[in-house]
Amino acid sequence: MTPDEYCQDKAAKSGSSFYYSFRFLPQLQRQAIIALYAFCREVDDTVDEISDAGIARAKLEWWREEIQRTFKNEATHPVGKALQTALLHFDLHKEYFLEIIDGMEMDLDQFTYPDFTQLALYCHRAASVVGLLSVEIFGYQDRKTLNYAEQLGMALQLTNIIRDVREDAERGRVYLPQEDLQRFNVDQQDLLNLKSSPELIELLKFQTERAKNYYQQAMVLLPKGDRYTQRTGLIMAAIYEATLDEIAHDNFQVMHHRVSLTPLRKLWLAWRTARREKRLFRRHQSR
(Lines give C-alpha, C1' and ligand atoms only; values in the text may rest on other atoms or scores of the structure.)
Protein backbone atom coordinates (compact mmCIF):
# COMPACT_ATOMS: atom_id res chain seq x y z
CA MET A 1 0.00 0.00 0.00
CA THR A 2 1.43 3.39 -1.00
CA PRO A 3 1.40 6.35 1.42
CA ASP A 4 -1.43 7.97 -0.55
CA GLU A 5 -3.43 4.73 -0.53
CA TYR A 6 -2.93 4.48 3.24
CA CYS A 7 -4.30 8.02 3.71
CA GLN A 8 -7.18 7.37 1.32
CA ASP A 9 -8.10 4.23 3.25
CA LYS A 10 -7.89 6.13 6.55
CA ALA A 11 -10.22 8.84 5.23
CA ALA A 12 -12.70 6.44 3.66
CA LYS A 13 -13.00 4.24 6.76
CA SER A 14 -13.66 7.21 9.04
CA GLY A 15 -17.03 7.91 7.41
CA SER A 16 -16.40 11.59 8.14
CA SER A 17 -18.22 14.42 6.39
CA PHE A 18 -14.81 15.69 5.31
CA TYR A 19 -14.50 12.82 2.86
CA TYR A 20 -17.54 14.00 0.90
CA SER A 21 -16.13 17.49 0.48
CA PHE A 22 -12.83 16.20 -0.95
CA ARG A 23 -14.46 14.56 -3.95
CA PHE A 24 -14.74 17.80 -5.92
CA LEU A 25 -11.06 18.77 -5.76
CA PRO A 26 -8.37 18.46 -8.45
CA GLN A 27 -5.90 15.60 -7.91
CA LEU A 28 -3.01 17.52 -6.30
CA GLN A 29 -5.29 19.30 -3.86
CA ARG A 30 -7.19 16.10 -3.10
CA GLN A 31 -3.94 14.25 -2.34
CA ALA A 32 -2.77 17.00 -0.01
CA ILE A 33 -6.04 17.46 1.88
CA ILE A 34 -6.49 13.71 2.37
CA ALA A 35 -2.92 13.50 3.73
CA LEU A 36 -3.73 16.37 6.13
CA TYR A 37 -6.97 14.69 7.17
CA ALA A 38 -5.19 11.35 7.72
CA PHE A 39 -2.67 13.13 9.97
CA CYS A 40 -5.51 14.64 12.01
CA ARG A 41 -7.14 11.22 12.34
CA GLU A 42 -3.88 9.62 13.47
CA VAL A 43 -3.26 12.09 16.31
CA ASP A 44 -6.93 12.23 17.29
CA ASP A 45 -7.15 8.43 17.44
CA THR A 46 -4.02 8.40 19.59
CA VAL A 47 -5.93 10.26 22.30
CA ASP A 48 -9.34 8.64 21.83
CA GLU A 49 -8.29 5.01 21.40
CA ILE A 50 -5.31 4.64 23.78
CA SER A 51 -6.60 4.35 27.34
CA ASP A 52 -3.17 4.76 28.98
CA ALA A 53 -2.46 8.51 29.06
CA GLY A 54 1.29 7.93 29.35
CA ILE A 55 1.37 5.83 26.20
CA ALA A 56 -0.85 8.32 24.36
CA ARG A 57 1.42 11.19 25.39
CA ALA A 58 4.50 9.28 24.20
CA LYS A 59 2.85 8.59 20.85
CA LEU A 60 1.96 12.26 20.42
CA GLU A 61 5.60 13.09 21.11
CA TRP A 62 6.53 10.58 18.41
CA TRP A 63 4.25 12.44 16.01
CA ARG A 64 5.97 15.72 16.89
CA GLU A 65 9.24 14.09 15.91
CA GLU A 66 7.68 12.66 12.75
CA ILE A 67 6.55 16.15 11.70
CA GLN A 68 10.13 17.36 12.17
CA ARG A 69 11.31 14.45 9.99
CA THR A 70 8.60 15.17 7.42
CA PHE A 71 9.78 18.73 6.94
CA LYS A 72 13.33 17.40 6.45
CA ASN A 73 12.03 14.93 3.83
CA GLU A 74 12.86 12.03 6.18
CA ALA A 75 9.36 10.80 7.14
CA THR A 76 8.98 7.19 8.27
CA HIS A 77 5.18 6.90 8.57
CA PRO A 78 2.92 6.61 5.48
CA VAL A 79 1.07 9.80 6.51
CA GLY A 80 4.34 11.68 6.89
CA LYS A 81 5.46 10.46 3.47
CA ALA A 82 2.17 11.57 1.91
CA LEU A 83 2.56 14.97 3.57
CA GLN A 84 6.05 15.25 2.05
CA THR A 85 4.42 15.12 -1.37
CA ALA A 86 1.95 17.81 -0.33
CA LEU A 87 4.80 20.03 0.87
CA LEU A 88 6.23 20.04 -2.63
CA HIS A 89 3.16 21.88 -3.91
CA PHE A 90 1.70 23.84 -0.99
CA ASP A 91 3.00 26.25 1.67
CA LEU A 92 2.06 24.31 4.79
CA HIS A 93 3.55 25.62 8.03
CA LYS A 94 5.20 23.15 10.37
CA GLU A 95 4.03 25.12 13.42
CA TYR A 96 0.41 24.44 12.51
CA PHE A 97 0.92 20.66 12.54
CA LEU A 98 2.60 20.93 15.94
CA GLU A 99 -0.26 23.08 17.20
CA ILE A 100 -2.78 20.42 16.15
CA ILE A 101 -0.83 17.94 18.27
CA ASP A 102 -0.91 20.46 21.15
CA GLY A 103 -4.69 20.52 20.79
CA MET A 104 -4.91 16.75 21.00
CA GLU A 105 -2.66 16.76 24.07
CA MET A 106 -5.09 19.11 25.79
CA ASP A 107 -7.50 16.16 25.84
CA LEU A 108 -5.03 14.29 28.04
CA ASP A 109 -4.59 17.17 30.47
CA GLN A 110 -7.94 18.93 30.56
CA PHE A 111 -11.36 17.30 30.92
CA THR A 112 -13.39 20.46 31.58
CA TYR A 113 -13.18 24.12 30.53
CA PRO A 114 -14.01 26.89 33.02
CA ASP A 115 -15.06 29.41 30.37
CA PHE A 116 -15.49 29.90 26.64
CA THR A 117 -12.15 31.68 26.29
CA GLN A 118 -10.29 28.50 27.26
CA LEU A 119 -12.57 26.35 25.13
CA ALA A 120 -11.89 28.68 22.18
CA LEU A 121 -8.15 27.92 22.46
CA TYR A 122 -8.92 24.21 22.21
CA CYS A 123 -11.21 24.79 19.22
CA HIS A 124 -8.51 26.88 17.54
CA ARG A 125 -5.92 24.14 17.90
CA ALA A 126 -8.24 21.25 17.08
CA ALA A 127 -10.08 22.80 14.14
CA SER A 128 -9.21 26.36 13.12
CA VAL A 129 -5.55 25.49 12.54
CA VAL A 130 -6.69 22.65 10.27
CA GLY A 131 -8.75 25.25 8.42
CA LEU A 132 -5.73 27.51 8.01
CA LEU A 133 -3.73 24.63 6.52
CA SER A 134 -6.66 23.72 4.27
CA VAL A 135 -6.89 27.28 2.95
CA GLU A 136 -3.28 27.02 1.78
CA ILE A 137 -4.15 23.85 -0.13
CA PHE A 138 -7.32 25.25 -1.71
CA GLY A 139 -5.66 28.56 -2.60
CA TYR A 140 -6.65 32.16 -1.93
CA GLN A 141 -5.90 35.69 -3.11
CA ASP A 142 -7.28 37.75 -0.22
CA ARG A 143 -5.78 37.34 3.26
CA LYS A 144 -9.24 37.90 4.74
CA THR A 145 -9.85 34.29 3.73
CA LEU A 146 -7.60 33.28 6.63
CA ASN A 147 -10.03 34.98 9.03
CA TYR A 148 -12.87 33.05 7.37
CA ALA A 149 -11.00 29.79 7.98
CA GLU A 150 -10.49 30.63 11.64
CA GLN A 151 -14.19 31.35 12.19
CA LEU A 152 -15.36 28.32 10.21
CA GLY A 153 -13.06 26.06 12.22
CA MET A 154 -14.65 27.37 15.41
CA ALA A 155 -18.14 26.72 14.01
CA LEU A 156 -17.32 23.16 12.96
CA GLN A 157 -15.72 22.28 16.30
CA LEU A 158 -18.61 23.74 18.29
CA THR A 159 -20.97 21.62 16.17
CA ASN A 160 -18.89 18.55 17.02
CA ILE A 161 -19.10 19.40 20.72
CA ILE A 162 -22.90 19.69 20.59
CA ARG A 163 -23.30 16.49 18.56
CA ASP A 164 -20.87 14.47 20.71
CA VAL A 165 -21.93 15.49 24.25
CA ARG A 166 -22.77 11.89 25.17
CA GLU A 167 -19.73 10.33 23.49
CA ASP A 168 -17.40 12.80 25.20
CA ALA A 169 -19.10 12.29 28.58
CA GLU A 170 -18.50 8.55 28.23
CA ARG A 171 -14.79 9.42 28.05
CA GLY A 172 -15.11 11.65 31.10
CA ARG A 173 -14.87 14.89 29.10
CA VAL A 174 -17.20 17.88 29.27
CA TYR A 175 -16.44 20.51 26.64
CA LEU A 176 -19.45 22.67 27.48
CA PRO A 177 -17.89 25.53 29.52
CA GLN A 178 -18.40 25.41 33.28
CA GLU A 179 -19.67 29.01 33.28
CA ASP A 180 -22.44 27.95 30.88
CA LEU A 181 -23.32 24.86 32.94
CA GLN A 182 -23.78 27.14 35.95
CA ARG A 183 -25.73 29.73 33.98
CA PHE A 184 -28.25 27.12 32.82
CA ASN A 185 -28.24 25.12 36.09
CA VAL A 186 -26.88 21.96 34.47
CA ASP A 187 -25.24 19.51 36.88
CA GLN A 188 -21.95 18.26 35.44
CA GLN A 189 -22.37 14.94 37.21
CA ASP A 190 -25.68 14.44 35.39
CA LEU A 191 -23.79 14.87 32.12
CA LEU A 192 -21.19 12.33 33.14
CA ASN A 193 -24.04 9.98 34.13
CA LEU A 194 -25.48 10.51 30.62
CA LYS A 195 -28.67 12.15 31.88
CA SER A 196 -30.59 14.66 29.83
CA SER A 197 -32.72 17.46 31.28
CA PRO A 198 -34.74 20.50 30.19
CA GLU A 199 -31.85 22.65 31.49
CA LEU A 200 -29.36 20.83 29.24
CA ILE A 201 -31.63 21.33 26.25
CA GLU A 202 -31.70 25.07 26.93
CA LEU A 203 -27.92 25.11 27.23
CA LEU A 204 -27.54 23.26 23.93
CA LYS A 205 -29.87 25.76 22.27
CA PHE A 206 -27.56 28.51 23.50
CA GLN A 207 -24.48 26.67 22.21
CA THR A 208 -26.19 26.16 18.86
CA GLU A 209 -26.78 29.88 18.52
CA ARG A 210 -23.12 30.44 19.33
CA ALA A 211 -22.08 27.99 16.61
CA LYS A 212 -24.51 29.56 14.13
CA ASN A 213 -22.98 32.97 14.79
CA TYR A 214 -19.57 31.60 13.87
CA TYR A 215 -20.94 30.15 10.62
CA GLN A 216 -22.46 33.55 9.81
CA GLN A 217 -19.24 35.40 10.65
CA ALA A 218 -17.25 33.01 8.46
CA MET A 219 -19.51 33.59 5.47
CA VAL A 220 -19.34 37.37 5.91
CA LEU A 221 -15.53 37.25 6.07
CA LEU A 222 -15.05 35.06 2.98
CA PRO A 223 -14.17 37.36 0.03
CA LYS A 224 -16.28 36.73 -3.08
CA GLY A 225 -13.17 36.26 -5.18
CA ASP A 226 -12.07 33.29 -3.06
CA ARG A 227 -15.44 31.54 -2.71
CA TYR A 228 -14.87 29.06 -5.54
CA THR A 229 -11.40 28.01 -4.42
CA GLN A 230 -12.78 27.55 -0.90
CA ARG A 231 -15.80 25.51 -2.01
CA THR A 232 -14.60 22.46 -0.05
CA GLY A 233 -14.93 24.41 3.19
CA LEU A 234 -18.36 25.63 2.08
CA ILE A 235 -19.39 22.02 1.50
CA MET A 236 -18.26 21.20 5.04
CA ALA A 237 -20.23 24.14 6.39
CA ALA A 238 -23.36 22.99 4.55
CA ILE A 239 -23.09 19.43 5.92
CA TYR A 240 -22.31 20.50 9.47
CA GLU A 241 -25.01 23.18 9.58
CA ALA A 242 -27.51 20.62 8.31
CA THR A 243 -26.41 18.30 11.12
CA LEU A 244 -26.89 21.11 13.62
CA ASP A 245 -30.38 21.75 12.23
CA GLU A 246 -31.21 18.03 12.57
CA ILE A 247 -30.08 18.09 16.22
CA ALA A 248 -32.34 21.09 16.86
CA HIS A 249 -35.24 19.43 15.01
CA ASP A 250 -34.73 16.39 17.27
CA ASN A 251 -35.02 18.72 20.30
CA PHE A 252 -31.38 18.16 21.26
CA GLN A 253 -31.77 14.55 22.30
CA VAL A 254 -28.01 14.04 22.00
CA MET A 255 -27.80 12.19 25.31
CA HIS A 256 -30.06 9.47 23.92
CA HIS A 257 -28.62 8.96 20.43
CA ARG A 258 -26.13 10.42 17.99
CA VAL A 259 -27.63 12.52 15.20
CA SER A 260 -25.94 12.17 11.83
CA LEU A 261 -26.83 12.62 8.18
CA THR A 262 -27.07 9.68 5.80
CA PRO A 263 -24.21 9.25 3.28
CA LEU A 264 -26.69 9.99 0.48
CA ARG A 265 -27.74 13.28 2.05
CA LYS A 266 -24.13 14.29 2.63
CA LEU A 267 -23.32 13.54 -0.99
CA TRP A 268 -26.36 15.52 -2.15
CA LEU A 269 -25.39 18.52 0.01
CA ALA A 270 -21.84 18.32 -1.34
CA TRP A 271 -23.05 18.18 -4.95
CA ARG A 272 -25.57 20.98 -4.46
CA THR A 273 -23.03 23.26 -2.80
CA ALA A 274 -20.34 22.57 -5.40
CA ARG A 275 -22.85 23.24 -8.19
CA ARG A 276 -23.99 26.50 -6.58
CA GLU A 277 -20.43 27.74 -6.13
CA LYS A 278 -19.54 26.89 -9.72
CA ARG A 279 -22.55 28.87 -10.92
CA LEU A 280 -21.61 31.85 -8.72
CA PHE A 281 -18.01 31.65 -9.93
CA ARG A 282 -19.04 31.79 -13.58
CA ARG A 283 -21.31 34.73 -12.85
CA HIS A 284 -18.48 36.51 -11.04
CA GLN A 285 -16.11 35.91 -13.97
CA SER A 286 -18.57 37.25 -16.54
CA ARG A 287 -18.81 40.66 -14.85
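Trainee: Which helix gives the most to the lining of the largest cavity?

Mentor: Helix H9 (residues 165-170), with three residues. Helices here are DSSP runs of H or I, at least four residues, numbered from the N terminus. Bear in mind that this is a predicted model, where local features need pLDDT of at least 70, side-chain atom pairs count only at pLDDT 80 or more, and totals for chains, interfaces and linings use all residues. Residues are numbered from 1 along each chain as its sequence is written, and side-chain values use heavy atoms, with hydrogens and water left out.

Trainee: What makes a space a cavity?

Mentor: On a 1 Å grid over the protein atoms alone, a cavity is a set of points where a 1.4 Å probe fits but cannot get out; lining residues have an atom within 4 Å of a point. By that rule there are two cavities of 30 Å³ or more.

Trainee: Why is Ala 86 called buried?

Mentor: Buried means under 20% relative accessible area, with a 1.4 Å probe and protein chains only. Ala 86 has 0% relative accessibility, so Ala 86 counts as buried.

Trainee: What is Ala 86 in contact with, leaving aside neighbours within four places in sequence?

Mentor: Gln 31, Ala 32 and Leu 92, where contact means heavy atoms within 4.5 Å. Ala 86 itself is in helix H5 (residues 78-87).

Terms used. On a 1 Å grid over the protein atoms alone, a cavity is a set of points where a 1.4 Å probe fits but cannot get out, and a pocket is an open set with protein on both sides within 12 Å along at least five of seven lines; lining residues have an atom within 4 Å of a point. Grid points are joined across faces, edges and corners, and a volume is the space filled by probe spheres set on the points. Helices (H or I, at least four residues) and strands (E, at least two) are DSSP runs, numbered from the N terminus. Buried means under 20% relative accessible area, exposed over 50%, partly exposed in between (1.4 Å probe, protein chains only).
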